[in-house]
Amino acid sequence: MRINSRDQIKIGAILSYLSIGINIIAGLLYTPWMVDTIGKSDYGLYTLANSLITLFLVDFGLSSAVSRYVAKYRAEGRQDKVNNFLGAVYKLYLIIDAVIFVALLIIYFCIDSVYVKLTLAELEKFKVVYLISASFAVINFPFVTFNGILNSYEQFIPLKLADVIYRILLVALTVITLLFGCGLYGLVAVHAIVGLIVIAYKWIVIKKQITLKINWKYSDFSLYKDIFGFSIWVTISSLAQRLVFNITPSILGTVASSAAIALFGIVTTIEGYTYTITTAINGMFMPKISRIYERGGEKDELMSLMLSVGKFQYAINGLIVAGFAVVGKEFINLWMGPTYLDAYYGILLVIIPGLFFNSMQIANTAMIVRKKVNLQAWVNLGMGMVNVLLSIILSSYFEVIGACISISIAYMLRAVVLLFIYKRVLKIDMASFVINCYFRMGIPIITTIVLGFLMNSLLPNGGWLVLAAKGVVIVGIYAVVTLLLGLNSEERNKLLRRKV
């Protein structure tokens, strides 16, 4: 039985949040144990290796190109163009993969001269971890297209199920690995093994569910030119975004220590959870937006979609910000211990700007569909440069807090500039969006924080049960205030009637 697009989105969203839930719960439970098992220094090396590999593993915009072009050709009903396009893209992927292999090899021989703050023992461990991570990255690169293909064909259920499988296997094998005393090397190897398993699963799904006849012989200079014209800007944008979280551990490794990197790893973990939760449904709307533009309904339909999805994402992000502001310090103390309390301030600094950017993901996707990614690239490049400059200066004096202040400033600048760009390019009434989304949905956040701090003054800090009770109260306050003041009457009635 074929599941329609709307149900694919619904079930895919449920699976997304299930995957996120598994990841967060497991991470919160075993991260302190993992750090304690492998040691703070090794955890810092683990964080550093992952950030460095991600920093250099850029797909040159081809994964975004796959999503954009395949969705466009499907909206036009041109399967032949899909087959030709994929044949051309896979050739490019193999060439780029070879270049990445050479680049990562060169980086390996420069490790000693770059990370001068690491001890000799830490450098030796880091080299082994780097080799394992880099090898998987090279193997994985050509298969990045699988996500774009599944997304473009609206196969959201198997796509998100792959995430669930990945999380469950990763947690299970990580625990087993650490219990058997495999340490840092085993931890990194598990990530590679689980990644290969998921690649195999996606390949099986595509082979069985999607009718593709990739034309490996196809070659068209105009298509390559069109792809490069699109992907070069996505590449710049991707590189620029890596000048934030991915480069910060390297900056800290240069001007601070492995302990500072480990502390930033906690900040990165919570920020990553926040971003993943609030943007879990993003990729599902590209086919729909492509169809909206194909039938010329972008003026009204796009704004309606952006407001409904944006308010939902803002509400989720707002609950996280309000909740963490109230009980975050208590949570960090119980979870990781008092030596990690600085992470509380760092986390707040980096998740607050997400309120404004994460709620604009429909507009971000529309820019990709419209091939206006060059504007996003310039904004992200400016953001990345501001962050690097400020991070080098502030991290030298304030270490992790300085790095987080830098990220917060860079993120806020990006959100403000994009507001004006979307108004000008997409012709979206961004003033109405700001009022109905940011201002209106900001009321529950402020109210929850005020009442939450009042609750903290009346109820002293305790153990996990007290923290859980406070969390329930915060969710209750936020839900009631959002229902009464955050939503308008039409949205409230629609929600209460459980219509989607």
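Predicted model: local features only at pLDDT ≥ 70, side-chain atom pairs only at ≥ 80, totals over all residues.
Where does Asn364 sit? It's in helix α17. And is Asn364 buried or exposed? Its relative accessibility is 7%, and since the cut-off for buried is under 20%, Asn364 counts as buried.

Now zoom out to the helix around it. After α17 comes Lys371, and its phi is positive, near 60°.

Let's move on to helix α18, which covers residues 373-425. I've picked two residues there. Asn380 is found in α18, and at 6% relative accessibility Asn380 counts as buried. What does Asn380 contact, leaving aside neighbours within four places in sequence? The partners are Ser237, Ala240, Gln241 and Arg414.

The other one is Glu399, also found in α18. Glu399 isn't a glycine, and yet its phi is positive, about 50°. Glu399 has a relative accessible area of 39%, which makes it partly exposed.

While we're on positive phi values, have a look at Lys427. It's in the loop between α18 and α19. Phi of Lys427 is near 60°, again positive in a residue other than glycine. Is Lys427 buried or exposed? With a relative accessible area of 65%, Lys427 is exposed.

Carry on into α19, which is residues 430-458. Leu451 lies in this helix, and at 36% relative accessibility Leu451 counts as partly exposed.

Next up, a pair of helices. As a bit of background, two packed helices are described by the angle between their axes and the distance between the axes. Here, the axes of α6 (residues 120-140) and α9 (residues 183-209) come within 10 Å and cross at roughly 5°. Angles under 35 degrees count as roughly parallel, and that makes α6 roughly parallel to α9.

Which residues meet there? From α6 we have Glu124, Lys125, Val128, Val129, Ile132, Ser133, Phe136, Ile139 and Asn140. From α9 it's Leu184, Tyr185, Val188, Ala189, Ala192, Gly195, Leu196 and Ile199. Sorted by class, this contact has 12 nonpolar, three polar and two charged residues. One handy thing for reading lists like these: an α-helix has 3.6 residues a turn, so residues three or four places apart point the same way.

Now for Ser63, which lies in helix α3, residues 62-76. Ser63 has 19% relative accessibility, and because buried means under 20%, Ser63 counts as buried. Its contacts, once we leave aside neighbours within four places in sequence, are Tyr93 and Val144. If you want a sense of scale, Ser63 and Leu465 are 402 residues apart in sequence and 44 Å apart in space, C-alpha to C-alpha.

Quick stop at α13, residues 286-294. The buried residues in that helix include Met286, Pro287, Ile289, Ser290, Ile292 and Tyr293. Gly296 follows α13, with a positive phi near 75°.

Last topic: the second largest pocket. Its volume is about 1000 Å³. How many residues line it? There are 26, and Ile24, Leu28, Ile277, Ile320 and Phe331 lie nearest its centre. The elements giving two or more residues to the lining are α1 (5-38), α12 (258-278), α14 (298-335) and α20 (464-486). And what's the lining like by class? It has 22 nonpolar, four polar and no charged residues.

Conventions:
Residues numbered from 1 in each chain as written. Heavy atoms only, no water. Axes fitted to C-alpha atoms, helices over the stretch in contact; angles between N-to-C directions. Helix = DSSP H or I, 4+ residues; strand = E, 2+ residues; numbered from the N terminus. Parallel < 35°, antiparallel > 145°, perpendicular 65-115°, else oblique. Contact = heavy atoms within 4.5 Å. Nonpolar A, V, L, I, M, F, W, Y, C, P; charged D, E, K, R; others polar. Buried < 20%, exposed > 50% of the residue type's maximum accessible area, 1.4 Å probe, protein only. 1 Å grid on protein atoms, 1.4 Å probe; cavity = no way out; pocket = protein on both sides within 12 Å on 5 of 7 lines; lining within 4 Å. Points joined across faces, edges and corners; volume = space filled by probe spheres on them.
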